[in-house]
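This briefing covers one protein chain, grouped by topic. Please read it alongside the sequence and the model.

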Amino acid sequence: KAPASSEPPTYPTTASVTPLISGRVNLNTATQEQLEALPKVGPALAQKIIAGRPYRSLTDLDNVKGVGEATLRELTPLVTW
């Protein structure tokens with residue numbers, strides 16, 4: 001497995017490749033890699049999100065250390081629980 005890159009993920013547009021994430025990401029079931037594909041979420045924050053499960057609302061996500069107002073605003077349309 002290749003080491004995690006600090007570069008944002010790219011999503012190839014070929015018909016034979018499926019992006020890592022598609023539609024809303026369920027915070028309760030997403031893998032670490034799927035969480036890291038979200039904007040503003042790196043390896044450390046992905047681990048904190050996993051450790052904070054289960055999620056029932058945005059308030060639960062807001063309680064995760066490292067998720068600030070800007071991150072919450074960016075993630076809101078991309079996640080579900």
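Gly-52 is placed in the loop between α2 and α3, where helices (H or I, at least four residues) and strands (E, at least two) are DSSP runs numbered from the N terminus. The model is predicted: local features need pLDDT of at least 70, side-chain atom pairs count only at pLDDT 80 or more, and totals for chains, interfaces and linings use all residues. Residues are numbered from 1 along each chain as its sequence is written, and side-chain values use heavy atoms, with hydrogens and water left out.

**Gly-52**
- Gly-52 is partly exposed, at 35% relative accessibility (buried is under 20% relative accessible area, exposed over 50%, partly exposed in between; 1.4 Å probe, protein chains only).

**Helix α2**
- In helix α2 (residues 43-51), the buried residues are Leu-45, Ala-46 and Ile-49.
- These buried residues line one face of α2, because they fall within an arc of 105° seen down the helix axis (the arc of the directions from the axis to the C-beta atoms).
- The buried residues of α2 pack against α1 (32-36) and α3 (58-62).

**Thr-71**
- Helix α4 (residues 69-75) contains Thr-71, which is buried at a relative accessible area of 9%.
- Leaving aside residues up to four places away in sequence, Thr-71 touches Lys-40 and Gly-66 (contact: heavy atoms within 4.5 Å).

**Confidence**
- The protein chain has a mean pLDDT of 82, and 73% of its residues reach 70 or more (pLDDT is the predictor's confidence in each residue, from 0 to 100).
- Over residues 1-5 the pLDDT is below 50, and this stretch has two contacts in the model beyond near neighbours in sequence.
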